[in-house]
Amino acid sequence: MTLYSRVRPLAFKLPPERAHNLGKQALRTAQATRLSRAALSYAYRYDHPALEVDVFDSTFSNPVGVAAGFDKNAEVTHALAALGFGFVEIGTVTPYPQEGNDRPRLFRLREDDAMVNRMGFNGQGMERVKERLQVDGAPNVPLGVNVGKMNSSSEDEAIEDYRRVFDRLSPFADYVVVNVSCPNTPEEFDETSPEHLERIFETLEAENHRDVPILVKIGPDSPEESILELVDVVRDLGVDGIIATNTSTTRESLESPDREEWGGLSGKPIEDRSTAVIRTIADHTDGDLPIVGVGGVDSPESAYRKIRAGASLVQLYTGFVYEGPSTAKQINRGVVELLERDGFSSVEEAVGADLE
Ligand SMILES: Cc1cc2nc3c(=O)[nH]c(=O)nc-3n(C[C@H](O)[C@H](O)[C@H](O)COP(=O)(O)O)c2cc1C
């Protein structure tokens, strides 16, 4: 029995957002000294040469990262790296602090291994995040910065929001993500229209003096043609990769009492849909546009399915909540076994293996 399997029933008695904040406090304490970080690493890191992935101009020691939303304000990047994650994505970071939606806004769907959230881009804003990155320093794994706009911003103001957050935080980033797929922020205009995307990426490229890779994060709910149209638009604009996918507004075959709460669904129920989106994009782009796969990853098998469908890297949020601190280690160890079983010498060799 792991420590987490004993702590989890207690944590799950608390309201989800309170449990999340307590968990983050524990991680903040655990990353406070070099010695405590080393102890975490010793217990939780799993390294193997087959796990190494070179993508987005960086070397990732393993392909399993923490998805946006877990560490919105860059408070626990060092602890997450010490827990064996191959990369950490902070954010979504907005230009100014923002409260987000009223509570409760995070729900556990235990019977479905899922969550619903309508956090609504709550966060401390870019200046606080910048200060923290300066004081704490960069973690020893690649850092992604997910950038967003204020909920109240008009279409024109949104462009300036992205520009400001990019300008402040891209110096710390190994890649930057433009998040145009949050299902629980107000939709004042079409964030995925070709014209809007063109304005965003032209503005960011003009500021991108360090040539930081820029990715776009998409949702799982649009029909295949719309997803491919969007992929074509961003590819023509020179975007370096796609993160697929964000949470879903669909609610199919769920059991949990909170299944009708509005917001974005994450975890097991969106796994297949998000993997299908990855496969569609990888097929369409002949594997030329790197994909970060996210949605329902919680085991070596689910990570490996996304890799075989065309993801160079994977990320998770909900799986980490359910599986606890040894999630990255368990997944990475299992992926190595699956690679060996199938005769691949590395993750890179298995990327897109299921495509014709
Ligand atoms: C509570 C919560 C907050 C999230 N916040 C963000 C966010 O700020 N920005 C973002 O791009 N994605 C956000 N996400 C989406 C995750 O990054 C991820 O795309 C989604 O949860 C699917 O992965 P999972 O099934 O492993 O959770 C959030 C997810 C959850 C559960």
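**Ligand, backbone and helix packing**

An oxygen atom of the ligand lies 3.0 Å from a polar backbone atom of Thr-245. The ligand on its own exposes 600 Å², of which the protein buries 98%; accessible areas come from the Shrake-Rupley method with a 1.4 Å probe, and for residues only the protein chains shown count as cover. The model is a predicted one, in which local features need pLDDT of at least 70 and side-chain atom pairs count only at pLDDT 80 or more, while totals for chains, interfaces and linings use all residues. Residues are numbered from 1 along each chain as its sequence is written, and side-chain values use heavy atoms, with hydrogens and water left out.

The shell around the ligand comprises 24 residues, each with a heavy atom within 4 Å of it. The closest are Ala-68, Thr-92, Gly-267, Gly-296 and Thr-318. By class, the shell has eight nonpolar, 14 polar and two charged residues; Ala, Val, Leu, Ile, Met, Phe, Trp, Tyr, Cys and Pro count as nonpolar, Asp, Glu, Lys and Arg as charged, and the others, Gly among them, as polar. Strands β4 (87-93), β6 (114-117) and β11 (264-267) are the elements that give two or more residues to this shell. Helices (H or I, at least four residues) and strands (E, at least two) are DSSP runs, numbered from the N terminus.

Thr-92, one of the closest residues to the ligand, lies in strand β4. A cis peptide bond, with omega about 10°, joins Gly-91 and Thr-92. Another cis peptide bond runs from Arg-103 to Pro-104, with omega near 0°, and Pro-104 is placed in the loop between β4 and β5 (106-109). In the loop between β3 (64-66) and α4 (77-82) lies Ala-74, a residue other than glycine whose phi is positive, near 60°. Most residues other than glycine have a negative phi, and most peptide bonds are trans.

The helix pairs are described by axes, which are lines fitted to C-alpha atoms over the stretch in contact, with angles from 0 to 180 degrees between N-to-C directions. Helix α5 (residues 126-136) and helix α6 (residues 155-169) have axes that come within 10 Å and cross at roughly 10°. α5 is therefore roughly parallel to α6, given that angles under 35 degrees count as roughly parallel, over 145 as roughly antiparallel, 65 to 115 as roughly perpendicular and the rest as oblique. For helix α7 (residues 194-207) and helix α8 (residues 224-236), the axes come within 10 Å and cross at roughly 30°, so α7 and α8 are also roughly parallel to each other. Helix α10 (residues 300-309) and helix α12 (residues 327-342) pack at about 55°, with their axes 8 Å apart, and are therefore oblique to each other.

Methods. A polar contact is a pair of N or O atoms within 3.5 Å; within protein, one must be able to donate a hydrogen and the other to accept it, and residues adjacent in sequence count only if both atoms are side-chain atoms.
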